[in-house]
Amino acid sequence: MNNKSSIQTFCVKESKDNKTTSPHQLPLYATSSFEMESVDDAIEIFTGKTKGHVYSRYGNPTIDAVGQKVADMESFGLGIDAFGLLTSSGMSAISTLLMSLLNAGDEIITQGNLYGGTTELFQKIISKQGVKTHFIKFDDEELLKKTLDNNPMCKIIYLETPANPTLSCIDLKAISTLAKSYGIVTIVDNTFCTPYLQQPFKHGIDYIIHSSTKYLNGHGNSIGGVIVGKRNESTHAIWTALKLIGSTTNAWDAWLLNNGLKTLSIRMDKHSENALFLAENLALTDGIGKVNYCGLENNRYYTIAKKQMAQFGGMISFEIDGGKREAVRFIDQLNLCTHAPTLGDVDTLILHPATSSHLNIDQSLRDEYGITDNLVRMSVGIENKTDLLNDIKEALKSI
Ligand SMILES: *Cc1c(COP(=O)(O)O)cnc(C)c1O
């Protein structure tokens with residue numbers, strides 16, 4: 001700093017020393033831009049010839065480090081070179097990836113029981129780009145083949161497994177094999193599992209998206225998403241879409257996500273253990289009807305889940321004897337579980353899908369996928385599992 005300048009100028013200048021020490025933890029780069037050493041260096045970075053940072057919408061050291069960490073988790077042990085891009089939300093991960101891969105006139109095949117927001121995205125936004133979506137049941141392989149044969153403009157198969165809120169599963173290997181034979185790209189929303197429980201790459205899937213808002217962060221304090229793919233000729237186009245749509249995340253949310261990732265394995269172990277315990281016990285509890293959990297041996301999807309998941313995860317859903325009134329009373333009587341419209345936090349969360357996450361979904365579609373008025377969804381936390389069971393039993397008594 002020129003010591004001839006005044007204190008007013010001195011105040012405005014940044015005070016920094018980030019080059020002489022090596023931080024043990026990932027620093028939070030709260031900066032919108034980066035100093036460019038010279039005009040020539042800037043050109044090298046802008047044209048992608050040299051790695052570096054210029055402007056945080058294009059990339060930022062904190063954001064990039066965490067995105068790559070998720071990619072390395074998704075490809076862990078598989079010998080795949082994957083890239084990971086953090087986005088401002090799970091929805092922006094989905095919309096950015098789709099916009100970069102699709103052209104007007106293309107078509108998508110997906111399931112009817114997607115995350116509610118994703119169904120709406122296909123119906124209300126993606127449709128306006130001239131992209132048609134076919135909603136089918138993937139349990140029926142003949143139907144899938146027929147849909148593929150009859151619709152040659154299908155370019156993408158988009159999947160969620162297990163799916164919200166009934167935890168139905170889709171055989172990833174079977175679908176990816178069929179998709180490859182038709183030259184179709186596959187995308188899996190891996191939010192419910194995280195790479196610790198399920199690695200879609202292992203089963204031949206091309207792209208993975210996450211709402212990191214949920215289990216990856218785990219503490220309910222940031223909104224975010226991730227796009228993960230194998231590094232290839234499409235990678236640059238996806239990054240370009242992210243940069244131009246502007247669905248980039250911010251360094252603070254990336255940094256919070258990084259904290260969450262460190263405890264992912266022990267959280268997922270505990271979520272899975274507690275959910276299995278509750279599912280097994282609730283299946284034997286008076287006042288509770290059907291229990292949906294792919295980790296129950298008599299569940300319709302147990303064999304598929306066992307094949308592709310390391311454990312069965314923390315989401316369960318179950319029907320309260322009666323109807324909507326009883327389900328709502330039950331939720332109101334719980335003390336330990338919080339009534340909140342998210343999932344994957346360390347504490348237990350409960351939701352009534354018919355009047356919240358699936359309120360905007362047609363009744364006929366809800367009926368088809370078992371989203372009944374007496375169904376409640378639980379994101380089982382990492383509390384003491386007996387405390388949770390007791391809370392549920394107490395609440396059932398006072399319906
Ligand atoms: C929450 C969620 C999304 C959307 O993520 P946001 O971070 O809320 O945008 C997408 N898919 C699944 C499975 C989700 O649970």
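E160 stands opposite D189 of strand β5, a handy way into this predicted model. Local features here need pLDDT of at least 70 and side-chain atom pairs count only at pLDDT 80 or more, while totals for chains, interfaces and linings use all residues. Numbering runs from 1 along each chain as its sequence is written, and side-chain values use heavy atoms, with hydrogens and water left out.

That pair belongs to β4 (154-160) and β5 (185-189), parallel strands joined by five bridges. Strands are DSSP E runs of at least two residues and helices H or I runs of at least four, numbered from the N terminus; two strands pair if DSSP finds at least two bridges between them.

Helix α3 (61-74) packs on the sheet, in contact with β1, β6 (207-211) and β7 (225-230), and its direction makes about 130 degrees with that of β1. Contact here means heavy atoms within 4.5 Å. Angles run from 0 to 180 degrees between N-to-C directions, using axes fitted to C-alpha atoms, for helices over the stretch in contact. Helix α9 (235-245) also packs on the sheet and touches β1, β6 and β7, but its direction makes about 10 degrees with that of β1.

Zooming out, the sheet is open and has seven strands, ordered β1-β7-β6-β5-β4-β2-β3 with mixed pairing. β1 (82-87) and β3 (132-136) sit at its edges with a single partner strand each, so one side of each has no neighbour in the sheet. On average, neighbouring strands are turned by 20 degrees against each other, direction ignored.

There's also an open five-strand sheet, again mixed, running β8-β9-β12-β11-β10. Its edges are β8 (288-292) and β10 (338-339); each has a single partner strand, so one side of each lacks a neighbour in the sheet. Two bridges join β10 in parallel to β11 (349-351), with T338 opposite L349. Helix α11 (264-282) lies across β8, β9 (315-320) and β12 (375-379), at about 20 degrees to β9.

Now for the ligand. D189 turns up again among the residues around it, along with Y115, F192, K214 and L343; being around it takes a heavy atom within 4 Å. The shell divides into four nonpolar, six polar and two charged residues, with Gly counted as polar, Tyr and Met as nonpolar, and Asp, Glu, Lys and Arg as charged.

| Residue | Protein atom | Distance |
|---|---|---|
| G90 | backbone N or O | 2.9 Å |
| M91 | polar backbone atom | 2.9 Å |
| T213 | side-chain N or O | 2.7 Å |

Taken alone, the ligand exposes 380 Å², and the protein buries 93% of that (Shrake-Rupley areas, 1.4 Å probe).

Technical notes. A polar contact is a pair of N or O atoms within 3.5 Å; within protein, one must be able to donate a hydrogen and the other to accept it, and residues adjacent in sequence count only if both atoms are side-chain atoms.
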